[in-house]
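Me: I would like a close look at a single part of this model. Please keep it brisk.
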Amino acid sequence: MNGPYDAVMPLPKAELHLHIEGTLEPELAFALAARNGVELPYADTEELRKAYQFSDLQSFLDLYYELMAVLRTEQDFADLADAYLARAAEQGVRHAEIFFDPQAHAARGVEMGTVVEGLWRALGRSEAVHGVSTQLIMCFLRDESAESAMETLEAARPYLDRIVGVGLDSAEVGHPPVKFREVYEAAAALGLRRVAHAGEEGPPSYIAEALDVLGVERVDHGLRCVEDPALVERLVRDRVPLTVCPLSNVRLRTVDILADHPLPAMLDAGLLCTVNSDDPAYFGGYVGDNFLAVQDALGLSRERLRELARNSFVASFLDDDEERRARYLAEVEAYEFAP
Ligand SMILES: Nc1ncnc2[nH]cnc12
Ligand SMILES: [Zn+2]
């Protein structure tokens, strides 16, 4: 018998908010640690999984950065991305726009070229191997300096043919978008697309600032917009996509329980929401699992799920390949949910 899993998983979708480092499963972390002679402060995968209890964004980021110590070589990044793409394909993902955090790797002496070339080894063959088209978005760590962000953009120059845009992530509160005005101006001048995390833990004013000062086309999370009706009106009017990450919000305690998540109200308000996994290895599910979870906890209808899938392609950076976008959108409309 078919269950909700069979109905929802194959629904064609794009994933637009996914940190590749957040796909590092405990098993792969230990395998890479052994390969690279890195000592992890956990006895085994079970003990590591027990550490996945977070009280807020920072408590997660501490573990997220700590585990990155196992990522050293191009092959490590290729293996990481390949594992994600295989999982994503199983969850109905047809297109993925993937974040990476070069500053977090530079801190261990791992250079931009190692990260990008390694990721590209997997991304370059993803369509052929997994049936998933991909794009790369380079994120700046907002709790690092603006100068460091600018140096990172400089370091990325030789690889810009492989990077579609820039993003902004890490600890939000106290690091408003305006801090990165110049680097976003420089990124725009290089022809890069712009997104930023805003309104995850930070106030609604950070969302407006990301739009006004950084010129972002898409807001990552954007959840706290619901506190400001005028901002919601603006986001609806301007069709600004929000990359919502429901399981992440619960695990990082942005919302108490999934049943209280504002996603249905956001969709009712006319916001262009998408559903994404953020850091699936840490938050208990990949993007299809997020779809399933919101269907279950929030009672979203199948037409709402179809709307979310449609939005994901509309909000994607497939503007340079409208034919492909149209093909994906046609797949969404033609999709028949298993009974
Ligand atoms: N949810 C998140 N918010 C901010 N920075 C992140 N880096 C990885 N996941 C993140
Ligand atoms: Zn994120």
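What do S6, helix H12 (residues 229–237) and S7 make?

Reply: They make a right-handed β-α-β unit (right-handed: with the strands pointing away from the viewer, the path from first strand over helix to second runs clockwise). The model is predicted: local features need pLDDT of at least 70, side-chain atom pairs 80 or more, while totals for chains, interfaces and linings use all residues. Residues count from 1 along each chain as written, chains are lettered from A and ligands numbered from 1 in written order, and side-chain values use heavy atoms, without hydrogens or water.

S6 and S7 (residues 241–244) run parallel over 2 bridges (pairing takes at least two DSSP bridges; strands are E runs of at least two residues, helices H or I runs of at least four). Asp220 has Thr243 in S7 as its bridge partner. On another pairing, S6 (residues 218–221) joins S5 (residues 193–198) through 4 bridges, also parallel. There Ala198 stands opposite His221. S5, helix H11 (residues 204–212) and S6 form a right-handed β-α-β unit.

His17 lies in S1 (residues 13–19), Asp278 in the loop between S8 and H15, 261 residues apart. Both are buried (under 20% relative accessible area with a 1.4 Å probe, protein chains only; exposed is over 50%, partly exposed in between).
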